[in-house]
Amino acid sequence: MFAPIAGTLVNRVGERSLIVFGLILQAIGMAWIAVIAAPDVAYATLVAPLIIAGAGVSVAMPAAQNAVLSSVAQTEIGKASGTFNMLRFLGGVSGIAIAVAVFAGNGNFGSPQAFSAGFAPAIGIAAVLSLLGAVAGMWQPARRAAALAQVRASA
């Protein structure tokens, strides 16, 4: 639902603002989950933070992919796309490994309380990683005036 909106906005507002905004939203949603995680938390309580986190990643990812693919020559798009996807998967696997290590250090599957004791810090670390991604996104170059003029002329 949010990815098509972000795809439309990327040419108007630029990749940097969508990447940063999206990853901050994702971090907020995950941090919210970390705060309310408990064995007796109702699913309905999780709906809002899950929507916020999902909306955030849905805003950030199309903008990140657009930033990569628009920065290379048309003949290099296949290589850039493959590299982007490989690094995206590597980042995901690394994030999961970090979250699993945090979970294992703080909890286990022995009881609902033990699970929550590990889950809350693990999802909190995931929020921190999203926030670090937002900080890294601030280094994304701003849109050049010429590129914006070209987009406006073709619209």
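This is a predicted model: local features need pLDDT of at least 70, side-chain atom pairs count only at pLDDT 80 or more; totals for chains, interfaces and linings use all residues.
Arg 88 lies in helix H4, which spans residues 77–106. Arg 88 and Ala 104 are 16 residues apart along the chain, and their C-alpha atoms are separated by 24 Å.

The protein chain that contains this helix has 6 helices and 0 strands. Read from the N terminus, the order of elements is α-α-α-α-α-α. Along the principal axes, the C-alpha atoms of the protein chain occupy a box of roughly 60 × 30 × 20 Å. The protein chain comprises 155 residues, of which 29% count as buried. For contacts between residues at least 6 apart in sequence, 65% join residues at least 24 apart.

Helix H2 covers residues 15–36 and helix H5 covers residues 112–137; their axes come within 8 Å and cross at roughly 165°. This angle is over 145 degrees, and H2 and H5 are therefore roughly antiparallel to each other. The crossing of this pair is left-handed. On the H2 side, the contact is made by Arg 16, Ile 19, Val 20, Leu 23, Ile 24, Gln 26, Ala 27, Met 30, Ala 31, Ile 33 and Ala 34. On the H5 side, the contributing residues are Phe 119, Ala 120, Ile 123, Gly 124, Ala 126, Ala 127, Ser 130, Leu 131, Gly 133, Ala 134 and Gly 137. Sorted by class, the contact of H2 with H5 holds 16 nonpolar, 5 polar and 1 charged residues.

Two residues of this contact, Leu 23 and Ser 130, were examined individually. Leu 23 is placed in helix H2. With a relative accessibility of 15%, Leu 23 counts as buried, because the value is under 20%. When residues up to four places away in sequence are not counted, Leu 23 touches Gly 56, Ala 60, Ser 130, Gly 133 and Ala 134. A separation of 9.4 Å is found between the C-alpha atoms of Leu 23 and Ala 55, which are 32 residues apart along the chain. Ser 130, for its part, is found in helix H5. Ser 130 also counts as buried, because its relative accessibility is 8% and the limit is 20%. Apart from neighbours within four places in sequence, the contacts of Ser 130 are with Leu 23, Gln 26, Ala 27 and Met 30.

The second pair consists of H1 and H2. Helix H1 covers residues 2–13, and its axis comes within 7 Å of the axis of H2, with a crossing angle of roughly 130°. That angle makes H1 oblique to H2. In this contact, Ala 6, Leu 9, Val 10 and Val 13 of H1 meet Glu 15, Ser 17 and Leu 18 of H2. The residues involved divide into 5 nonpolar, 1 polar and 1 charged.

The axes of H1 and H3 are 8 Å apart, and the two helices pack at an angle of about 40°. H1 is therefore oblique to H3. The crossing of H1 and H3 is right-handed. The H1 residues Phe 2, Ala 3, Ala 6, Val 10 and Asn 11 meet Ala 55, Ser 58, Val 59, Pro 62, Ala 63 and Asn 66 in H3. By class, the contact of H1 with H3 has 8 nonpolar and 3 polar residues, and no charged ones. Ala 6 and Val 10 of H1 are listed both in the contact with H2 and in the contact with H3.

Pro 49 is also found in helix H3, which runs over residues 43–69. Pro 49 is buried, with a relative accessible area of 0%. Leaving out neighbours within four places in sequence, Pro 49 is in contact with Gly 29, Trp 32, Ile 33 and Ile 36. Pro 49 and Ala 31 are 18 residues apart in sequence, and the C-alpha to C-alpha distance between them is 8.5 Å.

Definitions and conventions:
Residues are numbered from 1 along each chain as its sequence is written. Side-chain values use heavy atoms; hydrogens and water are left out. Helices (H or I, at least four residues) and strands (E, at least two) are DSSP runs, numbered from the N terminus. Buried means under 20% relative accessible area, exposed over 50%, partly exposed in between (1.4 Å probe, protein chains only). Contact means heavy atoms within 4.5 Å. Axes are lines fitted to C-alpha atoms, for helices over the stretch in contact, and angles run from 0 to 180 degrees between N-to-C directions. Angles under 35 degrees count as roughly parallel, over 145 as roughly antiparallel, 65 to 115 as roughly perpendicular and the rest as oblique. A crossing is left-handed if the near helix is turned anticlockwise from the far one by less than a right angle, and right-handed if clockwise. Ala, Val, Leu, Ile, Met, Phe, Trp, Tyr, Cys and Pro count as nonpolar, Asp, Glu, Lys and Arg as charged, and the others, Gly among them, as polar.
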